[in-house]
Amino acid sequence: MSDLPQCPKCGSTYTYEDRDVYVCPECAHEWPQNGGPESAETDEKFIKDSNGNVLTDGDTVTVIKDLKVKGSSAVVKVGTKVKNIRLVDGDHDIDCKIDGIGAMKLKSEFVKKV
């Protein structure tokens, strides 16, 4: 049997290791490997790009799909480089400024880290 810990969020036994974190495939909860029960309670959320790279504040990303701007006829084209992103909570987890359009919120699944 595996000696991997159960998920602290849902109790699943199907956890697996991914670099320095444990991941639960049932509820998508991630927690660090290096700590005990106290580190399992800290609910760190990692925001990843479309390729699975972890994003941090200040990163530069590239848009991988044409995105319509809601309430406008403008479109954010594929390959648009967005500098100095800021990570926020919510459905759209990236807050940024795009040249020619202005302040926007993007989903991390539509960008890749440069």
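Author: A nonpolar core is a set of buried Ala, Val, Leu, Ile, Met, Phe, Trp, Tyr and Cys residues joined through side-chain atoms within 4.5 Å, where buried stands for under 20% relative accessible area, exposed for over 50%, and partly exposed for what lies in between (1.4 Å probe, protein chains only). The model above is predicted, so local features need pLDDT of at least 70 and side-chain atom pairs count only at pLDDT 80 or more, while totals for chains, interfaces and linings use all residues. Residues are numbered from 1 along each chain as its sequence is written, and side-chain values use heavy atoms, with hydrogens and water left out.

Reader: Which residues in the largest nonpolar core touch the most other members?

Author: That core has 15 residues, and those touching the most other members are Val76, Val82, Ile94, Cys96, Met104 and Leu106. Strands (E) are DSSP runs of at least two residues and helices (H or I) runs of at least four, numbered from the N terminus; two or more core residues come from each of strand E4 (61–63), strand E9 (94–98) and strand E10 (102–106), with E9 giving the largest share, 3 residues.

Reader: With which residues is cysteine 96 in contact, leaving aside its neighbours within four places in sequence?

Author: Contact means heavy atoms within 4.5 Å, and on that basis cysteine 96 is in contact with Val82, Ile85, Gly102, Ala103, Met104 and Leu106.

Reader: How many aromatic pairs does the structure hold?

Author: A pair of aromatic rings is described by the distance of the centres and the angle of the planes. Rings of Phe, Tyr and Trp (its six-membered ring) pair if their centres lie within 6.5 Å, and planes under 30 degrees apart count as stacked, over 60 as edge-to-face and the rest as tilted. The structure holds 1 such pair. Tyrosine 22 and tryptophan 31 have ring centres 5.7 Å apart and planes at 40°, so the pair is tilted; both tyrosine 22 and tryptophan 31 are buried.

Reader: How many salt bridges does a search of the whole structure find?

Author: A salt bridge is a side-chain nitrogen of Lys or Arg within 4 Å of a carboxyl oxygen of Asp or Glu, and the search finds 5. One of them joins aspartate 18 and lysine 48 (3.7 Å, N to O), linking distant parts of the chain, since aspartate 18 lies in strand E1 (residues 16–18) and lysine 48 in the loop between helix H1 (37–41) and E4, 30 residues apart. Aspartate 18 is partly exposed at 29% relative accessible area, and lysine 48 is partly exposed at 25%. Asp18, Glu30 and Lys48 are linked in a network of salt bridges.
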